[in-house]
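Have the sequence and the 3D view open as you read, and take the points one at a time.

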Amino acid sequence: MNRAPTTAAPRVEAAPAKVNLYLHVTGQRADGYHTLDSLVVFADAADAVTAAPADGLKLSLSGPEATALMAEPDNLVLRAARSLAAAAGIPPRAALALEKRLPVASGIGGGSADAAAALRALNALWGLDWQQARLAALALPLGADIPACIASRACRMGGIGEALSPAPRLPDCGLVLANPRIALATPAVFKAREGGFSAPALLPAGWPDAAAMARDLAALRNDLEPPAAALCPVVAEVVGTLRALPGCLLARMSGSGATCFGLFAEPRSAEYAAERLPAAWWRWGGGLHGAGR
Ligand SMILES: C[C@@](CO)(OP(=O)(O)O)[C@H](O)COP(=O)(O)OP(=O)(O)OC[C@H]1O[C@@H](n2ccc(N)nc2=O)[C@H](O)[C@@H]1O
Ligand SMILES: Nc1ncnc2c1ncn2[C@@H]1O[C@H](COP(=O)(O)OP(=O)(O)O)[C@@H](O)[C@H]1O
């Protein structure tokens, strides 16, 4: 039965960038996937996915970063749509539009955010009413970051990305994101990692302000930063440039890179600081997605 209402209004979903404030690689499973411990937050920098009624399944691309995806044989948005339709037992009928603003293959989970946004939009468009946990379980094989992106709320990430628990209470803070415009493939970075595994972090129940959070985060690390910097040496320059910005409390790489972030006391100082970065880089400054909700 096709439950797609042909008169349903288009659904628009933001696909916010994921930032790993720290990322410890805690082990490796027999299938090769690594187990992680990470504090994940979402920035207000975002792609946007629209789903509208249609007879078949199609995807249109727009936005400043869309060119990098023009040759993509099977966009994650389409894979997510097919996967949801198959699991729901309905034909995949939707006109999807992706406005791509986040750099591709950059450690801020843009593809995962897009897939998650498509699932949320189609869940509504097709009247499925699936719970977030069911969408997350369906999406995990498409990308380890997608479960966290389904809710797009700060969380503690464990397992290979599917074990999600609440984040400590976060203070108001600002983020600067900077990418030197070099794509880094996630599998290559995991493969280049050397050494043993890290223990999961011990975190407090919350932080009173961004400075206190930065102090605790400084004792942790991103275990993928050394291998990413070996593959892409400019990562060290990006981190150093962020760290030198006035007001920067902490600078580090996100995910498997090459995007790095700077943590600031509040969104306005991050916005201002981002403008001082080299114009050749992709850069963004602002606050956390959903802050104050
Ligand atoms: C590293 C992280 C941290 O949040 O972020 P990104 O750099 O992708 O943003 C994620 O774990 C990435 O998630 P995602 O990009 O969705 O990964 P997937 O497509 O599932 O996996 C791509 C490849 O990365 C490796 N991989 C990924 C996740 C994981 N927990 N262990 C791994 O070893 C595997 O080689 C896998 O084949
Ligand atoms: N909508 C999409 N956005 C970004 N990448 C996509 C998308 N669909 C498929 N991909 C593929 O997924 C890979 C990982 O992209 P992305 O999620 O941006 O990076 P990362 O996992 O480093 O955060 C890209 O190299 C690209 O080949």
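The numbered points below go from the domains to the ligands and then to the strands.

1. A word on conventions: residues count from 1 along each chain as its sequence is written, chains are lettered from A, and ligands are numbered from 1 in the order in which they are written. Please keep in mind that this is a predicted model, in which local features need pLDDT of at least 70 and side-chain atom pairs count only at pLDDT 80 or more, while totals for chains, interfaces and linings use all residues.

2. The chain splits into domain 1 (11-165) and domain 2 (168-287), with bounds taken from an automatic or database domain assignment. Their C-alpha centres are 21 Å apart. Between them, 24 residues of domain 1 are in contact with 31 residues of domain 2, where contact means C-beta atoms, placed from the backbone, within 7 Å.

3. Look next at the side of domain 1 that touches domain 2. Strand β1 gives the largest share of this side, ten residues. By type, this side has 14 nonpolar, eight polar and two charged residues. Here Ala, Val, Leu, Ile, Met, Phe, Trp, Tyr, Cys and Pro count as nonpolar, Asp, Glu, Lys and Arg as charged, and the others, Gly among them, as polar. Helices (H or I, at least four residues) and strands (E, at least two) are DSSP runs, numbered from the N terminus.

4. Where does ligand 1 lie? Both domain 1 and domain 2 give residues to its shell, so ligand 1 lies between them. There are 20 residues around ligand 1, and Gly 143, Ala 144, Ile 160, Gly 255 and Ser 256 come nearest; a residue is near if its C-beta atom, placed from the backbone, lies within 6 Å. At least two shell residues come from each of β1 (11-28), β2 (34-52) and α5 (186-192). The shell holds eight nonpolar, eleven polar and one charged residue.

5. Ligand 2 has 19 residues around it, the closest being Leu 76, Ala 105, Gly 110, Gly 111 and Asp 114. Two or more of the shell residues come from each of α1 (76-88) and α2 (110-125), and α2 gives the largest share, four residues.

6. An open antiparallel sheet has four strands in the order β8-β9-β7-β10, where two strands pair if DSSP finds at least two bridges between them. Strands β8 (250-253) and β10 (282-287) are at the edges with a single partner strand each, so one side of each has no neighbour in the sheet. Inside this sheet, β7 (174-179) and β10 are joined by six bridges, with Val 176 partnered by Gly 285. Helix α8 (234-243) lies across β7, β8 and β9 (260-264), at about 160° to β8; axes are lines fitted to C-alpha atoms, for helices over the stretch in contact, and angles run from 0 to 180 degrees between N-to-C directions.

7. Finally, visit the hairpin of β5 and β6, which has four residues between the strands. Strands β5 (155-158) and β6 (163-166) are antiparallel and share four bridges, and Met 157 sits opposite Leu 164. In the turn, Gly 159 has a positive phi of about 60°.

Conventions:
Contact = placed C-beta atoms within 7 Å.
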